[in-house]
Amino acid sequence: MSSTNKQKIVESVPQTGFFGHPKGLFTLFFTEFWERFSYYGMKAILVYYMYYEVSKGGLGIEEGTALAIVSIYGSLVYMSGVIGGWLADRVFGTSKAVFYGGIFIMFGHIALAFPGNFSMFIVSMVLIVIGTGLLKPNVSTVVGEMYSQEDTRRDSAFSIFYMGINLGGFLSPLVVGSLQKNYGFHWGFAAAAIGMFLGLVVFMVSKRSTLGLAGTYVPNPLTAAEKKKYGWMSAVVVIVLAIILGWTIPAGIFTLNVFINIVGIFGVVVPLAYFLIMYYSPKTSTQERSQVIAYIPLFIAAVMFWSIQEQGATILATYADKKTQLDLFGFEISPAWFQSLNPLFILLLAPVFAWLWVKLGNRQPIIPRKFSWGLIFAGLSFLVILIPGYFTPDGGLVNPIWLVLSYFIVVIGELLLSPVGLSATTKLAPQAFSAQTMSLWFLAPAAAQALNAQLVRFYSPATENVYFGTIGGVSIVLGLILFLIGPKIQTYMKGIK
């Protein structure tokens, strides 16, 4: 997209009306609110749905396998953002990508809402993966399009937008977890489908009057020859995959473990390929190449952070279900409710961070050092889990305050890294790869969860202390290294702060 088109987008967006921000931020805030309500509501009960016995409404999958599948599913959700970003950049723009993605997600949750079997579960996961890949990176890109590079409200806008994400994430585990506890898993999944439907309604009703041209431009459209080429390539890939899977699955060659390993490889190869493509593209300027180099250590730091944060829905979810005291003062709580802690703390602390960055202005820490502190807090959140093990007898249940404290600490790290990373991505992205660079940002949690699918195999009650201690310690060490080299990384950003 040319700088002229970017300027037209900014000029077309109503520039005030939502807490001093463009009115379009309101539209995107509530669209993302309902999308995250849908996603986190489903995810709060997903691992339980997989390993609970059939008599309890689950699928009866072995626990370790269930943890690995949830991690791989999370990886594919974010990895699909590469395709979503490419389609937005080259085919139909970010606005249509958001709408189409919401449709896929809604039907995915509808599929889960009907009692079925493992095959229906796989169908729903495929639909949600495709839909989230279209919606998630592109709605964040539209936020960035509403602000010029020099607009000091940009980081604040992403913090407010992040509040929308987490308001939906806070309410959904409470609603969905209660429905699952009282009426069964499929009522919980139905609530997630309704949430996505409401998100689509908000977006379609208000986008025309609040977003202006944001999301309508296709920055790097396909030529007629490219459309023909990619059409044939897509058809060939689908046919070849169908043949390979049709042969290897019945033959027992393509197993779940093989699939997990393949996704793990893709978690490394895909972002590496993206960095190389962007760096060597003739459409990337010399200054933009320097900014791509600066982005690499930030991406690695994000992978480490999300590896810890995303285990809140797998390892810590299992910890909440099996090792945490859930009967408090005669009232039994749902283990799914712990998934509301992360977004709750973000809701409480995000305004503080948004105010802090605006208040500090040019005196705030540089981006790499914000990331370094994010890693340090993430590591501490895992080390905290070690403490109750020394005070709880073997087989005893842990006071839930320790899980609460762990979620609180990792949220501090998240607010230092995630909204800052969203903003930094829109600033450092080469113009020809604007939506695709946002997709690259979401490849960090994709790579992290592909890594987690391997790591969860090492978790057991016997290895618990080593597991939390090792991962937490590695994160802290990486954070300290990033802090030391932060000023050098900043020089490659060429004035971006």
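**Close-up views of a predicted model**

View 1. The residues that line the largest cavity divide into 20 nonpolar, 10 polar and 5 charged. The space inside this largest cavity comes to about 480 Å³, and its lining is made up of 35 residues, of which Tyr40, Trp306, Gln309, Asn342 and Glu414 are the closest to the centre. A search of the whole structure finds 2 cavities of 30 Å³ or more.

**View 2. Helices around the largest cavity.** Two or more lining residues come from each of helix H2 (24-51), helix H5 (118-145), helix H6 (154-183), helix H10 (286-309), helix H12 (341-360), helix H13 (367-384), helix H15 (401-428) and helix H16 (434-455). Among these elements, H15 gives the most to the lining, with 6 residues.

**View 3. Leucine 415 in helix H15.** Leucine 415 has a relative accessibility of 2% and therefore counts as buried, the cut-off for this class being under 20% relative accessible area. Between leucine 415 and proline 22 the C-alpha to C-alpha distance is 22 Å, while the two are 393 residues apart in sequence.

**View 4. A nonpolar surface patch that includes Ile481.** Val474, Val477, Leu478, Ile481, Leu484 and Ile485 together make a nonpolar surface patch of about 520 Å². Isoleucine 481, one of these residues, is placed in helix H17, which covers residues 464-491. Because its relative accessible area is 45%, isoleucine 481 is classed as partly exposed, a class that lies between the buried limit of under 20% and the exposed limit of over 50%.

Terms used: Residues are numbered from 1 along each chain as its sequence is written. This is a predicted model: local features need pLDDT of at least 70, side-chain atom pairs count only at pLDDT 80 or more; totals for chains, interfaces and linings use all residues. Side-chain values use heavy atoms; hydrogens and water are left out. Patches are made of residues with over 30% relative accessible area and no salt bridge: like charges are joined within 9 Å, nonpolar side chains (Val, Leu, Ile, Met, Phe, Trp, Tyr) within 5 Å. Accessible areas come from the Shrake-Rupley method with a 1.4 Å probe; for residues, only the protein chains shown count as cover. A salt bridge is a side-chain nitrogen of Lys or Arg within 4 Å of a carboxyl oxygen of Asp or Glu. Helices (H or I, at least four residues) and strands (E, at least two) are DSSP runs, numbered from the N terminus. Buried means under 20% relative accessible area, exposed over 50%, partly exposed in between (1.4 Å probe, protein chains only). On a 1 Å grid over the protein atoms alone, a cavity is a set of points where a 1.4 Å probe fits but cannot get out, and a pocket is an open set with protein on both sides within 12 Å along at least five of seven lines; lining residues have an atom within 4 Å of a point. Grid points are joined across faces, edges and corners, and a volume is the space filled by probe spheres set on the points. Ala, Val, Leu, Ile, Met, Phe, Trp, Tyr, Cys and Pro count as nonpolar, Asp, Glu, Lys and Arg as charged, and the others, Gly among them, as polar.
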